[in-house]
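Please go through the predicted model shown here. The report below takes up its fold, its cores, its charged pairs and its surface.

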Amino acid sequence: MDPLDKVRAQAYRDACRAAYFGVEKVYKAEEFIQELDEKLTGGRVGQMTALTGGVKISWNKRLTATAGLAKCKRGILHRMSSATIELSDKLIDDQDRLLNTVAHEFCHVANILISGDLRSHGSGFKEWGRKCEEVFTDLGIKVTRTHNYKAKFEFIWTCTEKQCGEEIGYHTKRLDPKKDRCRRCGGVLMQTNPVARVLKPRRDWDIWG
């Protein structure tokens, strides 16, 4: 197989996996929230948010500064609390990121609603995080203070200058290599992901009149 064809085949497989995960992650996030609540709090978060629809999950394509956010409001009456976990559609692109981010944000929810601790990453949050890691050791859950994720871009152009090699990524095919140049050295850019299709010149006998 031609090396370029191998790259194209791998790019196609990666695109298929990404498309599948894009659908799957919505359901996995919902399921994992239920599992977190049952195993960490004994279902208390679900009970406290029962009258407001439970813990809601929303996916935000514009959320790129962080992988997730937790928004909670502790109700005066039992079952009147509310909680929403907002997840980054761009940054959460594999299962590890999904599970770790949901676990992190759920610890915020539990810390606020159950412990009554409004501190962002204080001792209460750390205690919930430690408990979460112990319960879900089989999943390799790590509840860290921040989400240090970088976005994986769908379209990548690479500078052709050997001394540079700068990569420029976008989520849409917005760069025109005929007009745009490398922002570092001004060199010519070549699309490297997905690999641009190379058109072979037609020979005279390939042209039918």
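## Chain layout

From the N terminus, the order of elements is α-α-β-β-β-α-α-β-β-β. That makes four helices and six strands. The model is predicted.

The chain has 209 residues, and 34% of them are buried. Among contacts with a separation of 6 or more, 63% join residues 24 or more positions apart. The accessible surface is about 13700 Å². Carbon and sulfur atoms account for 52% of that surface.

The largest nonpolar core holds 33 residues. Phe32, Leu36, Leu87, Val102, Cys132 and Ile141 have the most contacts inside this core. Several elements give two or more residues to it: helix H1 (3-41), helix H2 (44-48), strand E1 (55-60), strand E3, helix H3 (95-113) and helix H4 (123-135). The biggest share comes from H3, which gives ten residues.

Leu87 shows what one of these residues touches. Beyond its neighbours within four places in sequence, Leu87 is in contact with Ala29, Ile57, Ser58, Trp59, Asn60, Leu63, Ala67 and Gly68, among others. Its contacts also include Ile92, Leu98, Thr101 and Val102. Another core lies apart from the largest one. This other core has eight residues, including Phe155, Ile168, Leu175 and Cys182.

## Glu86, a buried charge

Glu86 sits in strand E3, which spans residues 82-88. Is Glu86 buried or exposed? Its relative accessible area is 12%, under the 20% cut-off, so Glu86 counts as buried. Leaving out neighbours within four places in sequence, Glu86 is in contact with Ser58, Asn60, Leu63, Ala67, Gly68, Leu69 and Lys71.

Two of the polar contacts deserve a look. The side chains of Glu86 and Asn60 make a polar contact of 2.5 Å. The side chain of Glu86 also makes a polar contact with the side chain of Lys71, at 3.1 Å.

Side chains of opposite charge can pair when their charged atoms come close. Lys71 and Glu86 form a salt bridge, with 3.1 Å between the closest N and O atoms. Lys71 lies in strand E2 and Glu86 in strand E3, so this pair ties together parts that are 15 residues apart in sequence.

## Salt bridges within helices

The structure holds eight salt bridges. One of them joins Glu35 and Lys39, whose closest N and O atoms are 2.9 Å apart. Why does this pair sit about one helical turn apart? Glu35 and Lys39 are four residues apart in helix H1, which means a separation of about one helical turn. Glu35 is partly exposed, with a relative accessible area of 27%. Lys39 is partly exposed too, at 47%.

Helix H4 holds another pair. The side chains of Arg130 and Glu127 meet in a salt bridge with an N to O distance of 2.2 Å. Arg130 and Glu127 are three residues apart in H4, about one turn of the helix. Arg130 is partly exposed at 37% relative accessible area. Glu127 is partly exposed at 40%. A network of salt bridges links Glu127, Arg130 and Glu134.

## Exposed sites

Lys126 also lies in helix H4. Its relative accessible area is 57%, over the 50% cut-off, so Lys126 counts as exposed. How many residues separate Lys126 and Cys107 in sequence? They are 19 residues apart in sequence, and their C-alpha atoms are 8.4 Å apart in space.

Nonpolar side chains also reach the surface. Leu51, Ile76, Leu77 and Met80 make a nonpolar surface patch of about 510 Å². Ile76 is placed in the loop between strand E2 (68-73) and strand E3. With a relative accessible area of 89%, Ile76 is exposed.

Terms used
Residues are numbered from 1 along each chain as its sequence is written. This is a predicted model: local features need pLDDT of at least 70, side-chain atom pairs count only at pLDDT 80 or more; totals for chains, interfaces and linings use all residues. Side-chain values use heavy atoms; hydrogens and water are left out. Buried means under 20% relative accessible area, exposed over 50%, partly exposed in between (1.4 Å probe, protein chains only). A polar contact is a pair of N or O atoms within 3.5 Å; within protein, one must be able to donate a hydrogen and the other to accept it, and residues adjacent in sequence count only if both atoms are side-chain atoms. Contact means heavy atoms within 4.5 Å. A nonpolar core is a set of buried Ala, Val, Leu, Ile, Met, Phe, Trp, Tyr and Cys residues joined through side-chain atoms within 4.5 Å. Patches are made of residues with over 30% relative accessible area and no salt bridge: like charges are joined within 9 Å, nonpolar side chains (Val, Leu, Ile, Met, Phe, Trp, Tyr) within 5 Å. Accessible areas come from the Shrake-Rupley method with a 1.4 Å probe; for residues, only the protein chains shown count as cover. A salt bridge is a side-chain nitrogen of Lys or Arg within 4 Å of a carboxyl oxygen of Asp or Glu.
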